[in-house]
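Please report on the local backbone and packing features of this chain.

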Amino acid sequence: MSLKPVLRWAGSKRKLLPNLRSALPPTFERYIEPFAGSAVLFFDLLPEKAVLGDLNPEIIATYEAIRDDPHEVFELLNSIPLNSEAYYLLRSLNTNCLKASERAARLIYLMKACFNGVYRTNKSGQFNVPIGSRIYSLPDLNQLRQLSSALSGVTLTCGDFEQSIKNTTENDFVYIDPPYSDGTRFRGEYGYAGSFVKTDQERLVEVCRGLTDRGTKVLLSFRECDVLCDALKGWTLRKITVARSVAGFSHSRCKANEILASNY
């Protein structure tokens with residue numbers, strides 16, 4: 001049984017799950033995802049042993065709270081009015097003053113209500129996405145309990161992607177779905193200024209090579225990029241077409257090429 005992710009997230013690979021499933025290694029003992037986000041593939045596979053990492057502390061706090069106290073997260077979510085006033089009040093809160101369950105309820109609500117499921121902050125780290133045209137349904141208690149059970153055997157890590165994969169072995173499977181680097185210009189996505197830039201992409205290639213030398217199975221999804229494809233020569237490359245849905249107007253949305261690259 002697979003589960004629906006709790007976070008609505010721009011860039012989610014939900015529509016690519018059939019492609020991801022077909023590209024999985026035949027066997028592995030532990031699943032590792034260093035750019036977790038909404039963790040679509042994790043919640044689809046529900047592995048018994050896993051590591052989920054992310055640079056964004058709100059994501060990790062949310063998963064910790066759901067794992068540890070799904071009932072409290074539900075009660076808090078259930079107490080929030082479904083209107084723009086509540087949205088902008090939550091958006092303005094300083095998360096450093098909130099406990100984990102409050103941070104979880106806040107993030108779940110904001111991502112269900114914000115424009116196109118985009119997580120973006122200003123340079124001060126304050127979430128600044130406007131409310132969208134609708135508030136998507138919030139998870140009920142049963143859903144949160146199922147998510148809590150799925151997360152019970154998971155190691156949660158907040159930090160750079162190298163931190164999540166530093167102790168991998170040949171029995172591990174690492175799924176890497178990084179943000180798209182866009183030079184060095186700050187756009188605020190994913191939570192921090194410069195959260196994933198060109199130099200990080202270069203560092204990621206070196207990490208992938210190191211994982212390969214270690215015998216760790218790696219699957220990487222990224223937009224089609226000649227530099228990346230050339231750097232991963234010898235890997236199995238699959239090209240897929242995806243629909244971009246972040247643009248504000250439907251006529252501006254288009255299809256683009258992505259690659260799935262695996263070292264097995």
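Leucine 46 is partly exposed, because its relative accessible area is 26%. The classes are buried (under 20% relative accessible area), exposed (over 50%) and partly exposed in between, with a 1.4 Å probe and protein chains only. Leucine 46 sits in the loop between α2 and β2 (50-54). Its phi is near 50 degrees, a positive value in a residue other than glycine.

Alanine 39 also has a positive phi, about 55 degrees, and is not a glycine. It lies in the loop between β1 (30-33) and α2 (40-45). Alanine 39 counts as buried, because its relative accessibility is 1%. Helices (H or I, at least four residues) and strands (E, at least two) are DSSP runs, numbered from the N terminus.

## Basis of the values

This is a predicted model: local features need pLDDT of at least 70, side-chain atom pairs count only at pLDDT 80 or more, and totals for chains, interfaces and linings use all residues. Residues are numbered from 1 along each chain as its sequence is written, and side-chain values use heavy atoms, with hydrogens and water left out.

## Nonpolar cores

A nonpolar core is a set of buried Ala, Val, Leu, Ile, Met, Phe, Trp, Tyr and Cys residues joined through side-chain atoms within 4.5 Å. The largest has 56 residues. Leu7, Phe42, Phe43, Leu52 and Tyr63 have the most contacts inside it. Helix α6 (residues 100-113) supplies the largest share of this core, eight residues. Another core lies apart from it, with 23 residues, including Val51, Phe196, Leu211 and Leu220.

Contact means heavy atoms within 4.5 Å. Not counting residues up to four places away in sequence, phenylalanine 43 touches Ser2, Leu3, Pro5, Ser38, Tyr63, Leu147, Ala150 and Leu151.

## Tryptophan 9

Tryptophan 9 is in the segment before α1 (17-22). It counts as buried, because its relative accessibility is 14%. Leaving aside neighbours within four places in sequence, its contacts are Gly37, Ser38, Asn56, Ile59, Met111, Gly117 and Tyr119. Tryptophan 9 and isoleucine 240 are 231 residues apart along the chain, and their C-alpha atoms are separated by 20 Å.

## Helix α4

Helix α4 (residues 70-78) has the buried residues Pro70, Val73, Phe74 and Leu77. Seen down the axis, they fall within an arc of 100 degrees, so they line one face of the helix. The arc is that of the directions from the helix axis to the C-beta atoms. Their cover includes α3 (57-68), α6 and α7 (141-150).
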